Amino acid sequence: MTVRAVWFRRDLRLNDQTALAKAIEHTKDGDHIVLVFHIHPVLNETFTPRHDYFFQTLKSFVDQAEGTGAPVHFLEGEIEEAFTDLVEKTDADMIYFNRDETGFGKKRDDHMLDFFDSMNVEAYHYVDHHIHGADEVRKKDGGFYKVFSPYLKSWKELQKPAVQKVNHEKLSTAAIDKKSSFNKGEKAYQQLINRLSGNFPGVGEADALERLDQFLDADIYDYDERRDYPSVDGTSLMSRYLRTGAVSIRTVYHTIEDRVDFRKNTSGVDAYISELAWRDFYNMIYHHHPESKNKEVVEKYRGLPWNNDDDLLIKWQEGQTGFPLIDAAMRQLNETGWMHNRLRMAVASFLTKDLLMDWREGERYFSERLIDYDPASNIGGWQWAASTGTDPVPYFRVFNPTRQSERFDPHGRFIKEWMPELKEVKEKYIHEPGKMSKDEQEEAGCIIGEDYPKPVVDHKTMRVRAIEMFKEQT
Ligand SMILES: Cc1cc2nc3c(=O)[nH]c(=O)nc-3n(C[C@H](O)[C@H](O)[C@H](O)COP(=O)(O)OP(=O)(O)OC[C@H]3O[C@@H](n4cnc5c(N)ncnc54)[C@H](O)[C@@H]3O)c2cc1C
C-alpha cells in the first residue's frame, strides 16, 4: 500500500489541479491519499489584508474538500519538522505538489526537494500556476526574451497544456482522515480563521468560476475598449482567484477557447489572452532575475538617488496627494484590496516620477494591501513604471496624473465614488479642484487646504527632475 500526500499551497481548488490530478491518477486500489497544508511560521508573522483574503480562500477550500470526503490536514511549525511529523503519522512515501518557480516559494521547494530525498520520500512536482512555465518560452537560439512582443508571438505558437481532470470519486475513496493526529496544526489553522475579517467579496472556487462565466458571457468582447476605464467593470477580476489558485489558469484559457463566439469581434479576446501572457512573462523575468525584488533589472539604474521622504510616502499611501485620480485609486486599494490596472500604472508612475520615491516602497506597500499580490507581476509592474525593469516605459515618457484623469475618468465618476470630499465638485474642476474660486469651493463644500489638499508637487517641475535624474545615470 502506498500513501501519497498532496501538498496544497497557492493552488486551492479541487478541479484542474495538476498535483492532485496526478496523485489520484497514480493511485491504485488500496492506496491512500492525504491532503495537507503547511502553515509556515512566516505566515504568522504579520496579518495583512493579503493574508486575510488568502486564509478566507483557504477556509473555503478546506470546507469544500471536507464536503467531498477528503479532509485537509494542517502541519505547522518549522518546515522540516512538520513534514517529518507528516511522514511518521501517515506513512506517506510520496509527495505531490505544484512547484513555485520564483521567490520564497522556489527557495522553499528547492530546499524541500533535497529534504524529501534525504527522507526517501519520492517527490512529484509540476508546473501548474502558469500556462507556460519560466523555462518554456525560448528564442530560436535557446535564450530568454527580454521584450514582451516577441515573447508573446512565441507564447502563442506553443501548444497549450490541457485541463487536468480530477477524479473526485476516486479521491473520496482513497482520501484518509488522520486529523486527530494533527491537533497542533488544526489549532494553528483555527487561530488564523478566527482572525478573518470576512470582508472580501469573491472568495474560492465557486465564486471564481461564476465570475469567469459572467465575464465570458459579454464583457470579454469589449475588453480592449473598456479595460482602461476604472469606473466601468470592464476587466475580469480574475487576479485574486489566480493568485490563490481558486481557479486554474488552464481552465481560464480553455474556457475562453470553448465558449467564445469567434464570429463576433474578437479583438477583446485577443487583448485578454495577451494579458494572461504578461502574467507568464513576468514569472519568467522574476525566475531569471531572482534579485529583482530588491534590485533594478537594468544595472545602470541601480543606485538612482531616490527621495526618502516619509511624509510624502504616507500622503501617497493614504490618498492625500491633491491629485484626485491618484488619491481615489489609493483609497480603492486601501478599502477593497484591489486596484484597477490603469490606476496601478498611474499611482506607480506618480510615486516614482512625481514624488521621485523609491519603487521598492511602492512594491512593498502593494504587497501588504493587494489581495491579488503576486510578487512576479508586482515587481514587474513597479519596475515597468519606474523605468528600471525589462521592457519598461521609457524614462522620458512621464505620465501626467491630471491628463490620465481627464482621459480615463472623463466625468470624474470613479473619483467621486472614492472621494466623498469631492462629491459636489463640478465636472469641469474634478481633475484639478484647486482651480475652483473661493466661492466655488464654498459651494462644493470643499475648501482646498482644509477638506482636500493642494497638490503636493508641481507635475511639470517634477517631470523635468525625473528625466534629469535618469539622464545623469545614463
Ligand atoms: C504597479 C503594478 C503592480 C501590479 N501588481 C500586480 C499584482 O500584485 N498581482 C497581479 O495579479 N497583477 C498585478 N498587476 C497587473 C494588473 O494590474 C492586475 O493583474 C489586474 O489589474 C488584475 O485585475 P483583473 O483580474 O481584472 O485583470 P484583467 O485585466 O481582467 O486581466 C486578466 C488577468 O491577466 C493578468 N494580467 C493582467 N494585466 C497584467 C499585467 N500587467 N501583468 C501581469 N499579469 C497581468 C492577471 O492575472 C489578470 O487577472 C500590477 C500592475 C502594475 C502596473
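**The ligand and its surroundings in a predicted model**

Colleague: How do the residues of the shell around the ligand divide into nonpolar, polar and charged?

Modeller: The model is a predicted one. In total, 28 residues surround the ligand. The shell divides into 16 nonpolar, 7 polar and 5 charged residues.

Colleague: Which element gives the largest share of the shell around the ligand?

Modeller: The elements that give two or more residues to this shell are α10 (239-244), α12 (267-288), α15 (341-354) and α17 (375-385). The largest share is 6 residues, and the element that gives them is α12.

Colleague: Which residue has a side-chain N or O atom 2.7 Å from an oxygen atom of the ligand?

Modeller: A polar contact requires N or O atoms within 3.5 Å. For Arg 344, a polar side-chain atom lies 3.4 Å from a ligand oxygen. For Trp 338, the corresponding separation is 3.3 Å. The separation of 2.7 Å belongs to the side chain of Thr 235.

Colleague: How much of the ligand's accessible area does the protein cover?

Modeller: On its own, the ligand has 820 Å² of accessible area. Of this area, the protein covers 96%.

Conventions:
Residues are numbered from 1 along each chain as its sequence is written. This is a predicted model: local features need pLDDT of at least 70, side-chain atom pairs count only at pLDDT 80 or more; totals for chains, interfaces and linings use all residues. Side-chain values use heavy atoms; hydrogens and water are left out. A residue is near a molecule or strand if one of its heavy atoms lies within 4 Å of it. A polar contact is a pair of N or O atoms within 3.5 Å; within protein, one must be able to donate a hydrogen and the other to accept it, and residues adjacent in sequence count only if both atoms are side-chain atoms. Accessible areas come from the Shrake-Rupley method with a 1.4 Å probe; for residues, only the protein chains shown count as cover. Helices (H or I, at least four residues) and strands (E, at least two) are DSSP runs, numbered from the N terminus. Ala, Val, Leu, Ile, Met, Phe, Trp, Tyr, Cys and Pro count as nonpolar, Asp, Glu, Lys and Arg as charged, and the others, Gly among them, as polar.
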